[in-house]
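Here is a short briefing to read alongside the structure. Take a moment to look at the fold before moving on to the notes.

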Amino acid sequence: AALLAALPLAAGACPWAAAQDAPAAPETPLVLEVTGDDVNLRSGPSIDYHDVGRVARGDLVLAAAASLDGARDGDWTRVRIPGGPVVHVFAPLVDWQEGALRARVRSDDVLMRATPAQAHLPLKDQKLARGDELVVLGVSDGDDGRWLRVVAPERVHVWMHTRYVRPIGVTLSAERLERLAESRLDALTEGRTKEERVARRRAA
């Protein structure tokens, strides 16, 4: 099943540290619309890179640069996923307690992968930094050891083919982007992030 089906719009709202080597997000994100059906998001600008989910026609993503030309990488476009892309990280490189919603990267230069194994290329030119916070969606035990399926920081970008995306010329407020990012995380975590926000407000 697609990891990112029915993707809502959002960006740049969660208080996560920037992933190493990821370009800085523009202050006013360029909103892009997906124009194809079940379009793969990939971990690099080639079909040699494994997919990290899919988006559907009409879904909205954000350019990973201030302009569409700046976000292009050959025939591919670097995009940021509202709420952050779903990736896998090697569990021993992360501080995490069994069942906890959040984890924190404990090492430098941690690679992100599309699958819970080293069989495929990692996300191109991007690494997590010590202290980055992740939302944990699941655990897998593979031949290489234990892996966590996580939502990466929103600054991490993925790639989609340029023919399947177009700018729509819409600017959204930071508040709306934040609300929509929260909505997507709530869906991915089956409401656990919403419960976390409610508990935080009650404790304030």
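**Briefing: burial, cores and a ring pair**

Of the chain's 204 residues, 47% count as buried. Please keep in mind that this is a predicted model. The chain holds three helices and 15 strands.

**Overall build**
- Taking contacts between residues at least 6 apart in sequence, 72% join residues at least 24 apart.
- The chain has an accessible surface of about 9800 Å², and carbon and sulfur atoms account for 46% of that area.

**Nonpolar cores**
- The largest nonpolar core has 34 residues, and those touching the most other members are Leu41, Val61, Val79, Val89, Met112, Leu148 and Met160.
- A second core of five residues is separate, with Leu101, Val135, Val151 and Leu185 among its members.

**The aromatic pair**
- One aromatic pair is found in the structure.
- The ring centres of phenylalanine 90 and tryptophan 147 lie 5.2 Å apart with their planes at 55°, so the pair counts as tilted, given that edge-to-face needs over 60 degrees.
- Distant parts of the chain are linked by this pair, as phenylalanine 90 belongs to strand E7 (residues 86-90) and tryptophan 147 to strand E13 (residues 145-151), 57 residues apart.
- Are the two partners buried or partly exposed? Tryptophan 147 is buried, with 3% relative accessibility, while phenylalanine 90 is partly exposed at 25%.

Key: Residues are numbered from 1 along each chain as its sequence is written. This is a predicted model: local features need pLDDT of at least 70, side-chain atom pairs count only at pLDDT 80 or more; totals for chains, interfaces and linings use all residues. Side-chain values use heavy atoms; hydrogens and water are left out. Rings of Phe, Tyr and Trp (its six-membered ring) pair if their centres lie within 6.5 Å; planes under 30 degrees apart count as stacked, over 60 as edge-to-face and the rest as tilted. Helices (H or I, at least four residues) and strands (E, at least two) are DSSP runs, numbered from the N terminus. Buried means under 20% relative accessible area, exposed over 50%, partly exposed in between (1.4 Å probe, protein chains only). Contact means heavy atoms within 4.5 Å. Accessible areas come from the Shrake-Rupley method with a 1.4 Å probe; for residues, only the protein chains shown count as cover. A nonpolar core is a set of buried Ala, Val, Leu, Ile, Met, Phe, Trp, Tyr and Cys residues joined through side-chain atoms within 4.5 Å.
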